[in-house]
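I opened this entry to keep track of what I looked up, in the order in which I looked.

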Amino acid sequence: MLEKLNRKKNLLTETGSEIINGQGLGYVADMRYGLFPMSYNGCEMIAIYNLLILEGRHGNSLTDICSEMYKTACVFSGLLGSNVYVLDKYFTRHGMPVLKTLSRDRFFEYLGNCKYGIISFWNDNNPFKGVHTVCIEKTDNGYRIYNRSNRRCSPADYTTADEAVSRHRFMAGYCLYQPVNTMRPK
C-alpha cells in the first residue's frame, strides 16, 4: 500500500529524465521511498536511474524504479534505505546482463571494460554513518561519480580508484556488460 501512495505522489513530483546529482536538491528531494523522502534514502534508486540514463536506456522513470524495487530492496520501510546486495535483480528482470562483485579491485577491473557502474560504500569507517550508493563513470582522467553527496549539484571527479572509494569502505559493485563482449563474469 505504501509503495502505491508513494508512486502516486512521485508521479506528480517527478519532472524530468536528466542525470540526478544532489539528491537533497530539486524535485527528487520531495519524492518518496518507503516512509521517507528520497533526500534521506533514495541513493540506490537514483544510482540505478543514473546508470540507465548514461547507458542511453531512457525507458524507466525514477518513479518506476522506486515502485519496482520497493518490494525487493527496501529495508524497514526505507529507514535503512535499500539492500545494496540485491540491486542486480532490477537489471536481471529487465534482461540486462550485470556483473556483481563484492571486491573493489574486481569492480574497477570490470569498469575498465564497461563505461558505467554502480558502487555502494560505507560513508565512514563507522557503520552508524550509513551507506551511500552512486553511479560511477570511467573517464580518460579517472572516475566521475554522480550524486556523490546530498547537496552537490554536479558530478565529482577523482583521479584514482582509491580517491573514488577506499578498499575498507567498499561494499558492492555492479557493471552492465554486453554478452558479445569478450569480458565474462568470473
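I began with pLDDT, which is the predictor's confidence in each residue, from 0 to 100. The mean pLDDT of the protein is 89, and 95% of its residues reach 70 or more. I noted that this is a predicted model, in which local features need pLDDT of at least 70 and side-chain atom pairs count only at pLDDT 80 or more, while totals for chains, interfaces and linings use all residues. Residues are numbered from 1 along each chain as its sequence is written, and side-chain values use heavy atoms, with hydrogens and water left out.

For the elements I used DSSP runs, numbered from the N terminus, with helices (H or I) of at least four residues and strands (E) of at least two.

Next I looked up the nonpolar cores, each a set of buried Ala, Val, Leu, Ile, Met, Phe, Trp, Tyr and Cys residues joined through side-chain atoms within 4.5 Å; buried means under 20% relative accessible area, exposed over 50%, and partly exposed in between, with a 1.4 Å probe and protein chains only. The largest nonpolar core has 34 residues, and Met38, Met45, Ile48, Leu62 and Phe91 have the most contacts inside it. Two or more residues of this core come from each of H3, H4, H5, strand E4 (116-122) and strand E8 (170-176), and H3 gives the most, with 8 residues. Another core, of 20 residues, lies apart from it and has Tyr110, Leu111, Ala164 and Val165 among its members.

I then turned to the largest pocket, where a pocket is an open set of points on a 1 Å grid over the protein atoms alone, fitting a 1.4 Å probe, with protein on both sides within 12 Å along at least five of seven lines, and lining residues have an atom within 4 Å of a point. The lining has 24 residues, of which Leu80, Gly81, Gly130, Val131 and His132 lie nearest the centre of the pocket. Helix H2 (38-41), helix H3 (43-54) and strand E5 (131-139) each supply at least two lining residues.

Last, I checked phi. Phe76 has a positive phi of about 50° although it is not a glycine, and Phe76 counts as exposed at 63% relative accessibility. Asn147, also not a glycine, has a positive phi of about 60°, but Asn147 is buried, with a relative accessible area of 1%.
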